[in-house]
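Hello,

Here is the structure I promised to pass on to you. Have a look at it first, and then read my notes below.

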Amino acid sequence: MASLLGIWLGITFGTAFVTGLVSHFMQHPPGGFSWPSRPVWFYRFAQGLHVTSGLVSVPLLLAKLWTVYPRLWEWPPVRGVAHAAERISIIPLIAGSIFQLATGIANIAQWYPFRFFFTVTHYWVAWITIGALLVHIAAKITIVRANVGQGRAARAHLTDRISQPEPAGDGLSRRGFGLAVGAAAGVVTVTTAGQFVPGLGDTVLLAPRTPDVGPQGLPVNRTALAAGVVVIARDRGYQLDVVGPRPFSLSLDELYAQSLVTVRLPITCVEGWAADATWTGVRLADLLDRAGVPAHAAVRVESLERRGGYRTSVVHPPHARDPKTLVATRLGGAVLALDHGYPARLIAPNRPGVLQTKWVHRVVMV
Amino acid sequence: MTGSRPTDRPQGADTSDPPDLVDRHDPARPRAVARVVTAVRAVVAAAGLAVAGYGIAGLVTHPRATHPAHTLRWLLGGLLGHDVIVAPAAAVLGVLLSRIVAHPYRAVIQAASFVSASVALASFPLWSGRVGHPANPSVDPLPYGRNLLVVLGAIWSVAAAVMLRRAVRARRSTDRPGRSPR
């Protein structure tokens, strides 16, 4: 039982770690590397998978911890150096696992009962947890091999921890417990996955977002009020500056008059929700061509926000030159709501929502 | 959830595996395999220590974001909270349940309780009234308390249906003595 649960937890934690790294390196690409802008759905899939594998890990981790809990009180507590090392390696594994699930669940609900900054701390504790998991796998692989898979009887001599015949009892059998864990994982998935799976928005019961709830039928993460741009974004003297070898500016009226391209793209949030929308605006590539920005150059998109970690974002050539990447001024045919980035925002395929900069007023060649 | 049947065999106690499985192989092979496995285990353990060390280094070299002492308190708090409070409480509840609920229904109640606890835990911030963003109604927009009750209602309806089926079977089997009421 413990071996099977361990395998499943290894899969969900491994998935969460890999998809978490994808999201991290999309936001902080290592030097010289840039992500492709296609397929459009890739980030939505990866981040939805990240949050879902974390949520599904809740019943798996509970089941695993409760299955092995009696071993916490085994006697004698330590039988030699190897045994002590193995037991100590469990501490960061369990502490890290509980920490990652608890902070992740809090963060997607935007509940912050802790003082540390979520993304950075969740990232580093992920490395600690996965490292401890690797040590644990190395320590336990013999037991798993002796208890799971075809031909396990031939490997039974490798360990003294062999699953014993089920004791007669009236409570939940092992098979019943396995079914309960699977059912719990299923219920958690079915009641939350609609927040990122296209077309399933109506099935969301226990997820923090519903894809069609928000201004203009689209969720918002950071409001204009929170960003401190309510007054400046409404200024009629707004202009969009495009800075390259041939810099130019567009007035508000010119920008809206030139907004002729319509695309359908999702907002894909790092918190695991995604919502499709129809955007109208000016192709970023067209603006860059007009300013004489060479095709291999990255550009920085700047918001009217005064401060904040997401005030600007860098758009690398694959995204900057993608014909679907817009400086958008309309959403669903109507002028962009203030909370969605009026007067103009970036919208690009396969890009984390926090990098879809809102209230854009400058595009600068890097 | 059909409960266990006499044919259910726990992992590893599967006596249907052919007993000659080891003998069919070259006797030298298991030893070679064992050596490879040991080497791989050592490499994986070393890699794990390096990865965890990288994480610890990252945590302590970004103190303005991670507040290492505060993070450590949360790490240990989660561990102790589970081992000292949650797990013993779950065990006590389990024992109480087994005293109150009789045999063919006990497993169903245990399973439904586990599913309920998992679902409630995974959505805890939402239904416990700890969130609420008046300035941004698109965050946590649903009536989560009601929704949790709907989901729990569905879980316990399934559990009730299974128990009903077991009750019917138990009655039938008392008509035919000698059969287990499962």
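Predicted model: local features only at pLDDT ≥ 70, side-chain atom pairs only at ≥ 80, totals over all residues.

**Where the chains meet**

Chain A brings 80 residues to its contact with chain B, and chain B brings 72. On the chain B side, the elements that each give two or more residues are helices H1 (28–61), H2 (63–66), H3 (68–100), H4 (103–122), H5 (124–127) and H6 (144–175) of chain B. Which of them gives the most? That is H1(B), with 13 residues. As for the make-up of this side of chain B, 41 of its residues are nonpolar, 23 are polar and eight are charged.

**Inside chain A**

Chain A has two parts to look for: domain 1 covers 2–203, and domain 2 covers 215–365. Their C-alpha centres are 38 Å apart. The two domains of chain A touch each other, with 22 residues from domain 1 and 21 residues from domain 2 in the contact.

If you turn to the side of domain 1 that touches domain 2, you will find three helices of chain A that each supply at least two residues: H1 (2–27), H2 (42–72) and H3 (80–108).

Do write back with any questions.

Best wishes

Conventions: Residues numbered from 1 in each chain as written. Chains lettered and ligands numbered in written order. Contact = placed C-beta atoms within 7 Å. Helix = DSSP H or I, 4+ residues; strand = E, 2+ residues; numbered from the N terminus. Nonpolar A, V, L, I, M, F, W, Y, C, P; charged D, E, K, R; others polar. Domains from an automatic or database assignment.
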